Amino acid sequence: REDKLKGGFAAVRKALNLVVDDLDDANPADIAYAYSHSGYAPCSVRLAQAAVKGPWKAVEESLKSLPGAHFEYTQGHDANGAPAVLPANYAAFEAKK
């Protein structure tokens, strides 16, 4: 189990660039600079950046290496028009583009 945890985080760390070795102190353009100049960018921040920039599929694949259940939901409306939390529907999302 410990090997899977290490391998999972290592894959996510690399895919999301959580550790930045070459921070530019003169022109800090990476969020990793804001965290005590440590070169570490929190996973939550990188996930938000990836959601905005895309493509999400690449991030999703690396997240699958982490232990635990994997699921994705979206906000939407049920058949009666009431707000509802629904399973993600990529086909509908792609059709809207």
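## A predicted model: surface, core and salt bridges

Val-19 has a relative accessibility of 40% and therefore counts as partly exposed; buried means under 20% relative accessible area, exposed over 50%, and partly exposed in between, with a 1.4 Å probe and protein chains only. The model is predicted, so local features need pLDDT of at least 70 and side-chain atom pairs count only at pLDDT 80 or more, while totals for chains, interfaces and linings use all residues. Residues are numbered from 1 along each chain as its sequence is written, and side-chain values use heavy atoms, with hydrogens and water left out.

**Overall layout**

The protein contains four helices and two strands, in the order α-α-α-β-β-α from the N terminus. Helices (H or I, at least four residues) and strands (E, at least two) are DSSP runs, numbered from the N terminus. Of its 97 residues, 18% count as buried. The protein exposes about 7400 Å², and carbon and sulfur atoms supply 56% of this area; accessible areas come from the Shrake-Rupley method with a 1.4 Å probe, and for residues only the protein chains shown count as cover. Among contacts (heavy atoms within 4.5 Å) with a separation of 6 or more, 31% join residues 24 or more positions apart.

Val-19 sits in the loop between helix 1 and helix 2 (43-53). Together with Phe-9 and Tyr-40, Val-19 forms a nonpolar surface patch with about 250 Å² of accessible area. Patches are made of residues with over 30% relative accessible area and no salt bridge; like charges are joined within 9 Å, and nonpolar side chains (Val, Leu, Ile, Met, Phe, Trp, Tyr) within 5 Å.

Asn-17 is also placed in the loop between helix 1 and helix 2. Its phi is near 55 degrees, a positive value in a residue other than glycine. With 38% relative accessibility, Asn-17 counts as partly exposed.

**The nonpolar core**

The largest nonpolar core has six residues: Val-12, Leu-16, Leu-18, Ala-50, Val-59 and Leu-63. In soluble globular proteins, nonpolar side chains tend to be buried together.

Leaving aside residues up to four places away in sequence, Leu-18 touches several residues, including Phe-9, Val-12, Tyr-40 and Arg-46.

**Salt bridges**

A salt bridge is a side-chain nitrogen of Lys or Arg within 4 Å of a carboxyl oxygen of Asp or Glu. By this rule there are three.

| Arg-46 | Asp-30 | 2.9 Å |

Asp-30 forms a salt bridge with Arg-46. Asp-30 lies in the loop between helix 1 and helix 2 and Arg-46 in helix 2, so this pair ties together parts 16 residues apart in sequence. Asp-30 is partly exposed at 25% relative accessibility, whereas Arg-46 is buried at 7%.

Lys-57 and Glu-60 both lie in helix 3, three residues apart, or about one turn of the helix. Lys-57 is partly exposed at 47% relative accessibility, while Glu-60 is buried, with a relative accessible area of 17%.

Technical notes: Core = buried A, V, L, I, M, F, W, Y, C linked by side-chain atoms within 4.5 Å.
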